[in-house]
Amino acid sequence: MAASLAKENSNFPGTATSFRNSVSQNLDSQFPAESGRYHLYISYACPWASRCLAILILKGLDKAITFSSVQPLWRKTKENEEHIGWVFPDSDTEVLDAERDHLNGAKTIRELYDIASLNYTGKYTVPVLWDKKLKTIVNNESSEILKMFNTEFNHVAENPSFDLYHPNLRTIIDETNEWIHDGISNGVYECGFAKTQAAYDVAVKKLFDALDKCEEILGRQRFLCGNTLTESDIRLFVTLIRFDEAYAVIFKCDKRLVREYWNLFNYTKDIYQIKGLSSTVKMDHIKQNYYGSFPSINPLGIVAHGPNIDYSLPHDRHRFSTETA
Ligand SMILES: N[C@@H](CCC(=O)N[C@@H](CS)C(=O)NCC(=O)O)C(=O)O
């Protein structure tokens with residue numbers, strides 16, 4: 001587990017994340033899991049942030065933990081610097097599904113990092129789990145935030161028994177997370193930002209080997225770790241839902257589309273249709289960000305039109321029985 005997290009944090013696009021505190025159900029801890037105390041800053045475009053939001057929603061934590069999204073297009077974060085990154089809209093009506101920063105009045109995610117630390121030198125990434133009481137960042141590593149949401153807030157969760165990291169399944173979940181991260185979640189970025197043909201070829205092979213492996217697994221069971229939904233499925237889902245609409249084109253992951261994989265496509269629809277989850281998918285934010293915020297791979301920022309897939313259409317995954325762990 002520790003090894004897999006270390007690896008996860010060392011890979012593109014995230015640099016080693018620096019805020020690694022934990023919210024705990026122990027109310028004497030520095031960051032106790034109190035209702036109303038924490039805020040999750042996300043971008044609906046970002047898969048790492050979206051996986052945290054997905055678990056927040058599935059656990060029924062949306063009353064206990066507030067959240068808001070930045071706007072999808074990266075902009076300059078300081079007047080006299082070239083750096084571009086996440087910014088808040090100037091008003092709540094300017095960009096659909098994006099909000100001003102009502103907590104700190106920040107214009108950029110970068111400003112939040114500046115409030116939290118005077119000597120931060122890393123990237124200004126989302127997600128950011130913010131402590132409203134101490135006015136600081138608790139944690140900016142999605143793989144840790146999602147575990148906190150799963151286990152530490154049960155006393156204030158509407159679905160406390162919903163467990164995506166059940167003790168009986170942890171070994172297989174950890175193993176699955178590792179190859180899903182390496183081959184797919186991070187793999188699409190390795191394809192997209194490869195600087196040589198050889199590096200791209202290696203990344204594409206790794207990506208499609210991993211997708212083929214998923215297709216095979218999902219031909220015999222409903223979810224990645226059996227017939228129970230786990231954290232691994234949420235991690236895979238956030239990449240699959242972006243795949244045909246963005247990664248296939250902008251990251252050149254076009255060897256095969258998700259909608260050309262029978263099981264993977266039905267599985268994506270199955271997860272999308274879990275109550276509440278579709279609210280975490282804002283395709284306009286996804287497309288605007290991926291096509292519009294990476295001048296090195298799409299200098300003109302033109303957004304591709306298609307394919308506008310309807311993930312709410314029927315799927316065939318009910319052919320497997322569902323279990324709780
Ligand atoms: N390890 C981090 C990675 C998060 C990450 O890379 N987020 C991207 C958006 S998808 C980001 O905010 N990038 C800002 C930048 O690179 O400046 C996590 O999983 O939480």
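Strand E1 (residues 38-42) and strand E2 run side by side in the parallel sense, joined over four bridges. That pairing is a handy way into this structure, which is a predicted model.

- Strands in a sheet pair through backbone hydrogen bonds, and the pairing can be parallel or antiparallel.
- Here the sheet is an open one of four strands, in the order E2-E1-E5-E6, and its pairing is mixed.
- Strand E2 (66-69) and E6 sit at the edges, each pairing on one side only.
- Going from one strand to the next, the twist averages 35 degrees.

- Strand E5 (residues 128-131) pairs with strand E6 (residues 136-139) in the antiparallel sense, over three bridges.
- Tryptophan 130 faces isoleucine 137 in E6 across this pairing.
- Four residues lie between the two strands of the hairpin, and lysine 135 takes a positive phi near 50 degrees there.

**Two helices that cross**

- A pair of packed helices is described by the angle between the axes and the distance between them.
- For helix H8 (residues 231-250) and helix H9 (residues 262-272), the axes come within 10 Å and cross at roughly 110 degrees.
- On the H8 side, the contact involves Asp233, Leu236, Phe237, Leu240 and Ile241, which meet Leu264, Tyr267, Thr268, Ile271 and Tyr272 in H9.
- Sorted by type, the residues of this contact are eight nonpolar, one polar and one charged.

- An unreviewed UniProt entry lists residues 166-293 as "domain: GST C-terminal".
- Over residues 166-293 the chain is 66% helix and 0% strand, with the end C-alpha atoms 37 Å apart.
- The unreviewed entry also places the feature "active site" at Cys46 and Tyr189.
- Those two are spread over 144 residues of sequence, yet they cluster in space, with a largest C-alpha distance of 12.0 Å.
- Cysteine 46 is in the loop between E1 and H2, and its relative accessible area is 7%, so cysteine 46 is buried.
- Leaving out residues up to four places away in sequence, cysteine 46 touches Trp86, Val126 and Arg242.
- Tyrosine 189 belongs to helix H6 (residues 187-192), and tyrosine 189 counts as buried because its relative accessibility is 6%.

- Most peptide bonds are trans, and most residues other than glycine have a negative phi.
- The bond from valine 126 to proline 127 is cis, with omega near 5 degrees, and proline 127 sits in the loop between H3 and E5.
- Glycine 306 and proline 307 are also joined by a cis peptide bond, with omega about -10 degrees, and proline 307 lies in the segment after helix H10 (283-292).
- Aspartate 97 has a positive phi, near 70 degrees, and is found in the loop between strand E4 (84-85) and H3.
- Lysine 252 has a positive phi near 55 degrees, and lysine 252 lies in the loop between H8 and H9.

How values were computed: Residues are numbered from 1 along each chain as its sequence is written. This is a predicted model: local features need pLDDT of at least 70, side-chain atom pairs count only at pLDDT 80 or more; totals for chains, interfaces and linings use all residues. Side-chain values use heavy atoms; hydrogens and water are left out. Two strands pair if DSSP finds at least two bridges between them. Axes are lines fitted to C-alpha atoms, for helices over the stretch in contact, and angles run from 0 to 180 degrees between N-to-C directions. Contact means heavy atoms within 4.5 Å. Ala, Val, Leu, Ile, Met, Phe, Trp, Tyr, Cys and Pro count as nonpolar, Asp, Glu, Lys and Arg as charged, and the others, Gly among them, as polar. UniProt positions are given in the numbering used here, feature names are shortened, and annotations may be inferred rather than shown by experiment. Buried means under 20% relative accessible area, exposed over 50%, partly exposed in between (1.4 Å probe, protein chains only).
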